[in-house]
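Work through the exercises below with the structure in view. Try each task before you read its solution.

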Amino acid sequence: AQSVTQLGSHVSVSEGALVLLRCNYSSSVPPYLFWYVQYPNQGLQLLLKYTTGATLVKGINGFEAEFKKSETSFHLTKPSAHMSDAAEYFCAVSAPGNQFYFGTGTSLTVIP
Amino acid sequence: DTGVSQNPRHKITKRGQNVTFRCDPISEHNRLYWYRQTLGQGPEFLTYFQNEAQLEKSRLLSDRFSAERPKGSFSTLEIQRTEQGDSAMYLCASSSGQGLNSPLHFGNGTRLTVT
């Protein structure tokens, strides 16, 4: 069965500081992993995805994530937080049967 | 690519009434998904279509919920005899269906409030 766990429902960082949002997955097959961002009253927007190949994946807005099979992790990072990064972030895994399973989300606050 | 469109954006209804939401996916996408999102939670899978065929339904989708996708284009989600527990954001997403690595593209959702 596929699932994702996001550690930390709320993360606060200072503007310019490193952003680290954690995601661990469980999958019975090689996973396809995704990070989405959601701004208030909007749908989810794809930040990046891991399918196969390079384990360090770069996405939009300066975000990147590294797939670590040994740790079953897919943590999202950004070297320097910007005020506009304040949003809800969701990790997701796709599964046979064409379903996508989402974590419970991490709310990122950026402190000026 | 005009994106996924959902209507209405907001719906307020009284308990016991029926409501219907519409989703227009990205035109070349053959897969269409409905999700429900409550405050502080991630999206929960409700159902999905491949073209006009509804291939899977979640246990969350009670008998009061029905979804259709006639002709494999737009989709509707109807909730009959609404309950306060149905209050949530209903998200529609589509994908090109070229394997599990095809990401979902989401609309902005319909926020339902049942009073």
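**Exercise 1.** Find what share of chain A is buried.

Solution. Buried means under 20% relative accessible area, with a 1.4 Å probe and protein chains only. In this predicted model, buried residues make up 46% of the 112 residues in chain A. Local features need pLDDT of at least 70, side-chain atom pairs need 80 or more, and totals use all residues. Residues are numbered from 1 along each chain, chains are lettered from A, and side-chain values use heavy atoms without hydrogens or water.

**Exercise 2.** Count the helices and strands of chain A.

Solution. Strands are DSSP runs of E, at least two residues; helices are runs of H or I, at least four. Chain A has 12 strands and 0 helices.

**Exercise 3.** Compare the radius of gyration of chain A with the globule rule.

Solution. Take the radius over C-alpha atoms; the rule is 2.2 Å times the number of residues to the power 0.38. For 112 residues, a compact globule would have a value near 13 Å. Chain A has 13 Å, so the two agree.

**Exercise 4.** Describe the largest nonpolar core, then follow A:Tyr89.

Solution. A nonpolar core joins buried Ala, Val, Leu, Ile, Met, Phe, Trp, Tyr and Cys residues through side-chain atoms within 4.5 Å. The largest one has 26 residues. A:Trp35, A:Leu47 and A:Tyr89 are among those with the most contacts inside it. Strand S10 (87–95) of chain A is one of the contributing elements. S10(A) gives the largest share, 4 residues. Contact means heavy atoms within 4.5 Å. Beyond four places in sequence, A:Tyr89 touches residues including A:Trp35, A:Leu47 and A:Leu76.

Conventions
Buried < 20%, exposed > 50% of the residue type's maximum accessible area, 1.4 Å probe, protein only.
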